[in-house]
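I set out to record what I looked up in this structure. The entries below follow the order of my reading.

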Amino acid sequence: CSSDPLAGRPSTWFTWHQHMVRPGTRVLDLACGSGRHSLAVARLGCRVTAVDRDAERLAAGRQEAERQHLDITWLRHDLETPLPSMEPFDLVLIFNYLDRARLPDVLARLAPGGWLIMETFLEAQRRLGWGPQRDEHLLAPGELPRLIAPLTVIHGREALEPLPGERWRAVTSIVARKGPVRAP
């Protein structure tokens, strides 16, 4: 949608952390929409499974992937139901999506040593005049690290971030790992 300030470009949070992504990484992009993050990791040489319930948005992503000659598995699935059986993933991406009840199932899809890169809206988003407004789609300050436990948080933030078109968004973002983190 052209009025969506997030359409097309990967999240700043993703861009800041894409250096962590290596060719061959098995990636699950959950609630992928038209695949802005799926396309980005596929361009980095990852094996990507992109999941969303919206057939039109998946079709748009598939068309763009074909245009760019990228190999992505597009899976239409209602995220309010349990995920189908899949191989474990090295990286799970979740952007602008929240389902507290299903999060343990999602985190169980991470392989040992796997990473989660997640970003979604804070309760403060309500005051900004766009985006989610309902409690079940917004996180309280400090809530995200508790929701993803027992993953080890590597980097996180809660921020008011500017977007194109003189819009702002209130987000909480996290990078976390399944299992211990060793110093390089």
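I took a polar contact to be a pair of N or O atoms within 3.5 Å; within protein, one must be able to donate a hydrogen and the other to accept it, and residues adjacent in sequence count only if both atoms are side-chain atoms.

Basis. I worked from a predicted model, in which local features need pLDDT of at least 70 and side-chain atom pairs count only at pLDDT 80 or more, while totals for chains, interfaces and linings use all residues. Residues are numbered from 1 along each chain as its sequence is written, and side-chain values use heavy atoms, with hydrogens and water left out.

Confidence. I noted a mean pLDDT (the predictor's confidence in each residue, from 0 to 100) of 92 for the protein.

Gln125. I located Gln125 in the loop between strand E5 (110–121) and helix H5 (143–147); helices (H or I, at least four residues) and strands (E, at least two) are DSSP runs, numbered from the N terminus. A polar atom of the Gln125 side chain lies 2.7 Å from the backbone nitrogen of Ala170. I found Gln125 buried, at a relative accessible area of 0%; buried means under 20%, exposed over 50%, and partly exposed in between (1.4 Å probe, protein chains only).

Helix H3. I looked up H3 (residues 55–67) and counted 13 residues. Its buried residues are Leu58, Gly61 and Ala65. They fall within an arc of 60° seen down the axis of H3, so they line one face of the helix; the arc is that of the directions from the helix axis to the C-beta atoms. On the other side of H3, I recorded Glu56, Gln63, Glu66 and Arg67 as exposed.

How values were computed. Expected span 1.5 Å × (residues − 1).
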